[in-house]
Amino acid sequence: MTSSTLATSPAGLVRGIRRWDFVALIINITIGAGILGLPSKLYALVGAYSLVAYGVSAAIVTLIILCFAEVSSRFNGTGGPYLYAREAFGPLVGFEVGWLLWISRLASFASICNLLVSYAAYFWPAVGAGLPRFALMAGLIVGLTAINWVGVRTASLVNNLFTVSKLVVLGLFTGVGLFFVDWQAFSFVVPPTYVSFSSAALLLIFTFSGFDVAAIPAGEIQQPQRTVPFALFTAIATVAGLFVLVQVVCIGTLPGLASSERPLADASQQFLGPAGGAFIAVAALLTALGTLNALMLTGPRLLFALAEQGQIPAVFGRLHPRYHTPYVALLVSAALKLVLAVSGTFIYALTLSTIIRLAYFALTCAALPVLRRRNPEQPAPFQVWGGVVVAVLCVLLCLWLLSNSAATEARDVGIAAVVGLGLYFLSRKSKASID
């Protein structure tokens with residue numbers, strides 16, 4: 001089916017993402033950098049209590065998802081959290097959310113690019129640095145840009161393929177690995193410190209994220225007001241169970257987990273030998289590649305949404321005449337992703353993205369009571385029982401996690417927010433002079 005035969009949104013985008021395509025998109029974004037690189041980082045922070053941290057973070061994210069489900073059910077346009085904040089708190093707050101959300105997509109992409117290079121170095125050590133590292137990153141970004149250039153259906157089908165591959169590989173890893181787990185390796189005698197446990201929970205917010213950005217291309221989703229809430233709960237239930245099992249296998253089979261750079265590959269090598277380690281390394285490459293494709297699909301839509309609302313130059317809202325994709329936004333995002341990927345590191349980019357996410361998580365949750373009060377005669381299609389209480393609790397939880405943010409990354413997010421503020425007023429001044 002070509003893009004010309006599919007329904008289009010009022011903005012001219014093709015509604016080519018179906019219900020299960022969207023479920024797959026959320027799973028694909030979520031199962032990425034976190035599950036490939038964080039098991040060892042978490043274990044180094046809190047040991048076996050990383051399983052408890054998973055439970056706490058999953059509970060927090062589930063509450064946030066409840067708020068996202070209600071708020072998102074009111075909208076059917078492109079933009080996700082940007083659109084929600086703009087409607088609830090006005091154009092300035094909406095712009096800042098859209099701006100920072102776009103930067104977080106760049107940071108997430110960069111973190112996964114760096115992790116992919118780490119796994120590629122399992123087979124070709126030279127690719128871990130210098131010109132080969134740059135060439136690999138550049139080739140990936142050019143290829144993914146081309147896939148997303150030729151239409152949302154093509155990108156969506158590629159995403160589905162990657163998602164199924166991830167689930168099969170991680171299912172095999174946990175299914176086989178559980179038979180080799182040494183249950184004596186799980187020690188809960190010494191509890192972690194408050195600081196270390198909070199840091200672990202902060203990192204895990206990144207691991208469970210994906211639901212937030214998946215809603216960005218709602219203008220290309222079929223029946224988004226019904227599809228988005230359904231997909232959110234289906235995907236998070238699948239991912240949460242799988243993540244906990246992966247952590248159990250890593251703890252129970254890899255004695256040197258805390259210092260591992262490639263925990264899944266190293267754990268597989270322990271119970272399946274070199275062939276197992278190589279298989280997981282290949283699977284990890286595919287997993288990271290799939291998440292990169294999903295991020296390439298969602299990120300540029302934020303620039304499109306900002307342009308659609310007249311908050312940045314209209315050129316970013318241009319659609320390709322044949323493929324109906326936001327090609328200018330796609331090219332600009334791709335170029336900046338390459339710069340950040342080449343210059344950044346996995347943990348820095350991951351933490352930067354997480355801080356930004358917590359900020360707009362809090363704003364989206366706060367939007368729930370605002371939109372309820374503003375539109376009492378038009379209740380949301382999906383409503384959360386005790387929604388106001390849930391929203392307030394989520395905002396407090398997000399603030400708690402933000403209070404444990406690293407100073408350097410928090411500073412850089414603040415700088416980015418100020419730069420965005422300057423662009424916002426510059427754009428308004430330019431628009432006023434034209435009018």
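Is Y360 buried or exposed in this structure? In this predicted model, local features need pLDDT of at least 70 and side-chain atom pairs count only at pLDDT 80 or more, while totals for chains, interfaces and linings use all residues. Residues are numbered from 1 along each chain as its sequence is written, and side-chain values use heavy atoms, with hydrogens and water left out.

Y360 counts as buried, at 2% relative accessibility (buried means under 20% relative accessible area, exposed over 50% and partly exposed in between, with a 1.4 Å probe and protein chains only). F361 is buried as well, with a relative accessible area of 0%.

A search of the whole structure finds nine aromatic pairs (rings of Phe, Tyr and Trp, the last by its six-membered ring, pair if their centres lie within 6.5 Å; planes under 30 degrees apart count as stacked, over 60 as edge-to-face and the rest as tilted). The ring centres of W99 and W102 are 5.8 Å apart and their planes stand at 45 degrees, so this pair is tilted. Both tryptophans belong to helix α5 (residues 91-120), three residues apart, or about one turn of the helix (helices are DSSP runs of H or I with at least four residues, strands are runs of E with at least two, and both are numbered from the N terminus). W99 is buried at 13% relative accessible area, and W102 is buried at 7%. Y360 and F361 make an edge-to-face pair, with 5.5 Å centre to centre and 90 degrees between the planes. Ring pairs also link these two residues with F68 and Y84 into a cluster.
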